[in-house]
Amino acid sequence: MRIDVVSLFPEMFSVVGDLGVTGRAHRLGLWSLHVWNPRDYTHDIHRTVDDRPYGGGPGMVMLAEPLEAALDDALAHRGTRGGSSSIPVILMSPAGRRFDQTMAEELASGPGAVFICGRYEGVDQRFIDRRVTHEVSLGDFVLSGGELPAMACIDAAVRLLPGALNDRDSAKQDSFNEATSGLLDSPHYTRPELYHGLGVPEILRSGHHANIAVWRREQSLALTAARRPDLLEKARREGRLSKKDEAFLRSLEL
Ligand code: SAH
């Protein structure tokens, strides 16, 4: 997977490129990262990347031209093999589709994408109309730039790449995962056995793997029912709940 990013703050991407699970996967060559700064594609002495909005009002708007030149360079460097036009060009935007695990899986199973990070009040609409294929939002709040949302998407996808997580911390147990029927993860405990007077559920110390699996499934079901009934409904609709799951959920309602 190759990730290209167009951003006025390239340094920010050392967070996903160098640190933790995504940094390790990067060093292993499971994915590559290339960041393109629109400022490098300006031609005036001030290296201008923004201007005042037509129609007035506060703030500045990112110029279309440096963005487009940076994007062109990114696509050119990807090469035309596979057709660079088929590469998603994703603008991070509060107006986009809300990012979720399914989108992370799609990204992880493809050739990658070019992420466009807005700043200021946003980017000239004509750049969006001409070049952007997808708009993605991180949620219903406004950040100062598209860098953190882009990094969130990249992280969520990279950790799904085969070999990114070792077996011990595989994504299988994670929330929203297919293997967990898209439910929330169960609670975790580690040493010490007694922490400020609080113990560890007996079953987790029993060594009885089948019972532990049942306990975890029930914890997932109960937590999802309490916090995210929408996810439970979805799992039900998709036929991902077993008879045993349903029986357990009915027992909760008593
Ligand atoms: N004027 C815009 C917000 C601009 S914030 C509005 O009201 O919608 C500057 C940039 O930060 C945006 O162009 C976008 O790239 C990024 N950004 C801010 N919030 C975001 C979010 N929730 N999801 C994705 N990107 C976001």
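Q: Leaving aside its neighbours within four places in sequence, which residues is valine 5 in contact with?
A: In this predicted model, valine 5 is in contact with Phe13, Leu33, His34, Val35, Trp36, Phe115, Cys117 and Ile154, once neighbours within four places in sequence are set aside.

Q: What makes a set of residues count as a nonpolar core, and which members of the largest one touch the most other members?
A: The set must consist of buried residues of the kinds Ala, Val, Leu, Ile, Met, Phe, Trp, Tyr and Cys, joined through side-chain atoms within 4.5 Å. The largest such core has 28 residues, of which Met1, Ile3, Val5, Phe13, Trp31, Phe115 and Ile154 touch the most other members. At least two residues of this core come from each of strand 1 (2-6), strand 5 (89-98), helix 4 (101-108), strand 6 (112-116) and helix 6 (147-158), and helix 6 gives the most, with seven residues. Another core, of 21 residues, lies apart from it and includes Trp36, Val49, Ala70 and Val114.

Q: Why is aspartate 245 called buried?
A: Buried means under 20% relative accessible area, and aspartate 245, at 6% relative accessibility, therefore counts as buried. This residue lies in helix 9 (residues 243-252), and beyond four places in sequence it is in contact with Arg217, Leu221 and Arg240.

Q: How do you know that the side chain of aspartate 245 makes a polar contact with the backbone nitrogen of serine 242?
A: The side chain of aspartate 245 reaches that backbone nitrogen of serine 242 at 3.0 Å, and the cut-off for a pair of N or O atoms is within 3.5 Å, so the pair meets the distance condition.

Q: Why does glutamate 68 count as buried?
A: Glutamate 68 has 12% relative accessibility and therefore counts as buried, the limit being under 20%. Its place is in helix 3 (residues 64-78), and, not counting residues up to four places away in sequence, glutamate 68 touches Phe127, Arg130 and Arg131.

Q: Why are helix 7 and helix 8 called oblique to each other?
A: Helix 7 (residues 209-227) and helix 8 (residues 229-237) pack at an angle of about 120°, with their axes 5 Å apart. Roughly perpendicular covers 65 to 115 degrees and roughly antiparallel begins over 145, so an angle between those ranges counts as oblique, and the two helices are therefore oblique to each other. Where they meet, Leu221, Thr224, Ala225, Ala226 and Arg227 in helix 7 face Pro229, Leu231 and Leu232 in helix 8 as contacts.

Q: Into which domains is the chain divided, and how far apart do their C-alpha centres lie?
A: The chain is divided into domain 1 (2-158) and domain 2 (175-251), whose C-alpha centres lie 37 Å apart.

How values were computed: Residues are numbered from 1 along each chain as its sequence is written. This is a predicted model: local features need pLDDT of at least 70, side-chain atom pairs count only at pLDDT 80 or more; totals for chains, interfaces and linings use all residues. Side-chain values use heavy atoms; hydrogens and water are left out. Domain bounds come from an automatic or database domain assignment. Helices (H or I, at least four residues) and strands (E, at least two) are DSSP runs, numbered from the N terminus. Buried means under 20% relative accessible area, exposed over 50%, partly exposed in between (1.4 Å probe, protein chains only). A polar contact is a pair of N or O atoms within 3.5 Å; within protein, one must be able to donate a hydrogen and the other to accept it, and residues adjacent in sequence count only if both atoms are side-chain atoms. Contact means heavy atoms within 4.5 Å. Axes are lines fitted to C-alpha atoms, for helices over the stretch in contact, and angles run from 0 to 180 degrees between N-to-C directions. Angles under 35 degrees count as roughly parallel, over 145 as roughly antiparallel, 65 to 115 as roughly perpendicular and the rest as oblique.
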